[in-house]
Amino acid sequence: MNRLECSYAGLKLRSPLTAASSPLTADMAHLKALEEAGIGAVVLKSVFEEQIESESKAALDGLSAGEFADASVYFENFAKNTAVDASLGLLEEAKKTLSVPVFVSLNCVRDGSWYEYAKRAENVGADALELNLFILPSDVRDSSADLERRYLQIIKKTVRSVSIPVCVKLGSYFTGMTHFLKEAAGCGVKGIVLFNRYYNIDFDIDSENVVPAAPLSSPDEYLTTLRWIALSAAELPVDFAAATGIYSAETAFKMIAAGAKTVQLCSVLMKDGVAAAERMRSELLALMDRKGYASLSDFCGKMAQERSADPSAYERHQYIRFLTGSEQK
Ligand SMILES: Cc1cc2nc3c(=O)[nH]c(=O)nc-3n(C[C@H](O)[C@H](O)[C@H](O)COP(=O)(O)O)c2cc1C
């Protein structure tokens, strides 16, 4: 019996430790190594709307404005095809070679021609589609309601355009978090990934330039995800995958106890190599032995807020006690 067997988004997985979309899931050599390390599923590197647009732009910049209208259309389609064909080529090879489920990942911020690519990915054999959705809420004209409507439109249309399971990977910038998750679940997604961790900027004081922040997370960044999985997973009729800051079997265990069906690994694999997945797998089994759990279902969701004798503990968010010595509210 495989004690780590689980199901996520309607798919049977041999392990809840899955490979998040990253440079490690962008080539066959790493994908094979991840499978050999016991990973339960892989999410291919996203195809980015932005990337396609900039490729289109680069091609179009070579043309003089107003001239060659037909050529503009040609170059735009050519650029789109370059990124998308490469990703579909990888998907095809991954499906031929790997036995674990392969998720394709699309990043989109607008209603666009994404749906046709989703369909193509399905035709090539993707087991599921992960929508990597993020709109930076930096435009003062956009209200939360406007932004949420945009998210939901993209999700709904994608769900309608394919028959494979659709999951959505979100960031943590939502005002009405649990309400929005309920709305997203209502659109027919089979999985919700909380949370993506985005490219951040930093300032270089000497040059006074904007520079990239450290790309990889650290092991103490899992707490925001843990709280929101614990608050949402048991309440909503959708599977949750936990992401960000998952570096150890202990953290994976906590996420599953909070209600996640799977966890996604990225930084730990990039820092320590794909062998980290193998180590985490055996450490998770050892932890289950120590706790007396035969399978994941023995403890999945056991520490969700809904099952807690003290639900208010999950909602504490101020350090009142440290300041006043009184009980936190
Ligand atoms: C270099 C790099 C590239 C990434 N590329 C993608 C991507 O293409 N699509 C995506 O959904 N997430 C992408 N991510 C985010 C990861 O999948 C993951 O959600 C995030 O890094 C948080 O997990 P971690 O703390 O284990 O790194 C990327 C992360 C890194 C560090």
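Is Phe180 buried or exposed? Phe180 is buried, with a relative accessible area of 0%; buried means under 20% relative accessible area, exposed over 50% and partly exposed in between, with a 1.4 Å probe and protein chains only.

## The model

This is a predicted model, in which local features need pLDDT of at least 70 and side-chain atom pairs count only at pLDDT 80 or more, while totals for chains, interfaces and linings use all residues. Residues are numbered from 1 along each chain as its sequence is written, and side-chain values use heavy atoms, with hydrogens and water left out.

## The chain as a whole

The protein chain has eleven helices and 13 strands. Helices (H or I, at least four residues) and strands (E, at least two) are DSSP runs, numbered from the N terminus. Of the 329 residues in the chain, 47% are buried.

Among contacts (heavy atoms within 4.5 Å) with a separation of 6 or more, 68% join residues 24 or more positions apart.

## Aromatic pairs

The structure holds nine aromatic pairs. Rings of Phe, Tyr and Trp (its six-membered ring) pair if their centres lie within 6.5 Å; planes under 30 degrees apart count as stacked, over 60 as edge-to-face and the rest as tilted. Phe174 and Phe180 form a stacked pair, 4.2 Å centre to centre with 10 degrees between the planes. Phe174 is buried, at a relative accessible area of 11%.

Phe253 and Phe299 are also stacked, with 4.3 Å centre to centre and 10 degrees between the planes. Phe253 lies in helix α8 (residues 249-258) and Phe299 in the loop between α10 (275-291) and α11 (320-324), so this pair ties together parts 46 residues apart in sequence. Both are buried: the relative accessible area is 12% for Phe253 and 1% for Phe299.

## The largest pocket

A pocket is an open set of points on a 1 Å grid over the protein atoms alone, where a 1.4 Å probe fits, with protein on both sides within 12 Å along at least five of seven lines; lining residues have an atom within 4 Å of a point. The largest pocket holds about 1,400 Å³ of space; grid points are joined across faces, edges and corners, and a volume is the space filled by probe spheres set on the points. Its lining has 48 residues, and Asn196, Arg197, Tyr198, Tyr199 and Asn200 are the closest to its centre. The elements that give two or more residues to this lining are α2 (49-61), α7 (223-232), β13 (262-265) and α9 (267-272).
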